[in-house]
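Let's take a walk through this model together.

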Amino acid sequence: MEKFVIRGGKPLHGEVTISGAKNAAVAIVAATILCDEPCVLENVPDISDIAICMKILRSMGAVVNPVTKNTYYFDTRSIREPKVPYELARSMRASTYFLGTLLGRFHDAYVAMPGGCDLGDRPIDQHLKAFCSLGAQYELENGEVHCYADGLIGSQIYFDINTVGGTINAIMASVKAKGLTIIENAAKEPHIVDLANFLNSMGADIRGAGTDVIKIRGVERLKGITYGIIPDQIEAGTYMVAAAATRGHVVIKNVIPKHLESITAKLRKCGVTVIENDESVIVSASGDLLTTNLKTMPHPGFPTDMQPQFSTMLTLAEGTSIITDDIFDNRFKYVSELRRMGADISVDGTVAVIRGKGMLQGAPVVASDLRAGAALIIAGLAAEGVTEVDNIHFVERGYECIDKKLQGLGADIKRVAAPDTNHMRMSG
Ligand code: EPZ
């Protein structure tokens with residue numbers, strides 16, 4: 001186990017380059033199963049969730065070879081058995097995408113019930129509803145979901161709730177189904193558009209991705225291509241908030257500013273300067289941060305994956321800010337750790353009331369999930385004194401080389417070995 005040791009109070013200065021989008025890459029890597037020829041993916045983030053996706057493909061017999069640090073060659077034609085190893089599948093949420101792609105190609109799929117960040121109950125009923133709409137059936141067999149079908153027929157899929165994963169799985173299961181599939185109440189996140197662009201580049205016929213109605217006409221074959229994954233909206237937002245929280249001046253490169261609009265708007269409301277260029281944003285904050293109220297929404301609203309980071313910044317704005325995040329049952333687990341650093345936050349269900357005092361003190365804290373870990377790192381960068389963030393394996397699921405990138409911005413952050421004692425603390 002490892003932890004980060006951060007000496008805070010230093011404004012971040014300099015340039016940072018954003019990596020490929022985790023939540024696009026996990027879907028697109030799984031979607032290579034649908035490709036009838038080899039393909040090459042560029043701008044693949046070097047993070048542990050992607051490493052697991054590649055391990056899953058290799059375990060099924062696919063060829064996955066590095067070309068460069070962030071470019072990989074995939075040939076999935078040699079996959080024979082549509083079954084994901086149990087322990088790999090249960091280690092992350094994105095393993096559900098192998099249900100959609102294996103079902104889409106083999107009309108058969110065995111994938112363990114997914115794991116992933118503990119944000120409360122995270123069922124997959126909408127994913128299964130989509131598969132059944134296409135003519136599939138499923139059983140739960142010893143912790144594994146077994147989906148199967150004689151054939152997949154295009155149909156109308158209406159999601160009861162806004163679901164990113166459900167929309168992604170419905171697209172992947174229907175891209176080779178017979179006939180027309182119409183997905184209603186589809187999620188609109190940038191990573192859904194990126195997946196559709198990847199599949200269309202291979203010869204799929206997907207229209208409307210990025211809107212709440214997506215139409216997919218099934219095709220026979222998908223040809224090999226080389227495709228570059230979009231920059232990570234949430235990684236970029238995390239560095240934007242870190243720059244603001246430390247009162248720094250940071251150029252964030254390799255971004256799509258349109259994907260960051262809700263984050264930019266909120267930062268400006270808090271008195272932060274954000275300049276948008278074609279492929280970069282410049283974030284600077286010198287004066288006091290202002291309070292604001294925040295409600296997370298599906299895209300293009302303020303993303304739930306940015307809530308812990310932004311809430312942490314608001315503890316540094318003197319006054320009261322109210323945060324509502326009802327996309328998940330419980331995305332405030334990090335609050336108890338921020339209280340160790342002097343934050344005054346009360347949580348009632350999906351609402352948090354922050355009484356910002358303008359400062360935090362360094363303390364030993366423990367990450368409970370990926371974005372909570374990012375939030376605690378931001379807290380440590382802004383706090384007076386030394387902060388130790390443990391359980392950084394959560395952070396490495398979704399942030400490529402975060403310590404090196406922060407060191408490049410002048411942060412005093414070191415990676416050190418940590419005794420494995422925290423599971424006891426976190427299970428209290
Ligand atoms: C994706 O999770 C992301 N993960 C999450 O990012 C992100 O927070 C979330 O979308 C929302 O944007 C990946 O892309 C790998 P949902 P997903 O289906 O697909 C409920 C991160 O930090 N729901 O949109 O699981 C669900 O419980 C991670 O990068 C059902 O009830 O999110 C949740 O309350 C964390 N039934 C809500 O819908 C279903 O069948 C939204 O979930 C599916 C979802």
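The largest cavity is lined by A21, K22, N23, A24, P190, H191, I230, P231, D232, Q233, I234 and R371. Its volume is about 80 Å³, and the count of cavities of 30 Å³ or more comes to three. Here a cavity is a set of points on a 1 Å grid over the protein atoms alone where a 1.4 Å probe fits but cannot get out, and lining residues have an atom within 4 Å of a point. Points are joined across faces, edges and corners, and the volume is the space filled by probe spheres set on them.

A word on the ground rules: this is a predicted model, where local features need pLDDT of at least 70 and side-chain atom pairs pLDDT 80 or more, while totals for chains, interfaces and linings use all residues. Residues are numbered from 1 along each chain as its sequence is written, and side-chain values use heavy atoms, leaving out hydrogens and water.

Now for the domains, whose bounds come from an automatic or database assignment. Domain 1 covers 2–19 + 231–424, and domain 2 covers 22–228. Their C-alpha centres are 30 Å apart. Each domain brings 24 residues to the contact, meaning heavy atoms within 4.5 Å.

Between them, about 1900 Å² is buried, with 49% from carbon and sulfur atoms; this is the accessible area (1.4 Å probe) lost on putting the two parts together, summed over both. H299, R397 and E400 supply 36% of domain 1's share, more than any other three residues.

Three salt bridges link domain 1 and domain 2, each a side-chain nitrogen of Lys or Arg within 4 Å of a carboxyl oxygen of Asp or Glu.

Notes:
On a 1 Å grid over the protein atoms alone, a cavity is a set of points where a 1.4 Å probe fits but cannot get out, and a pocket is an open set with protein on both sides within 12 Å along at least five of seven lines; lining residues have an atom within 4 Å of a point.
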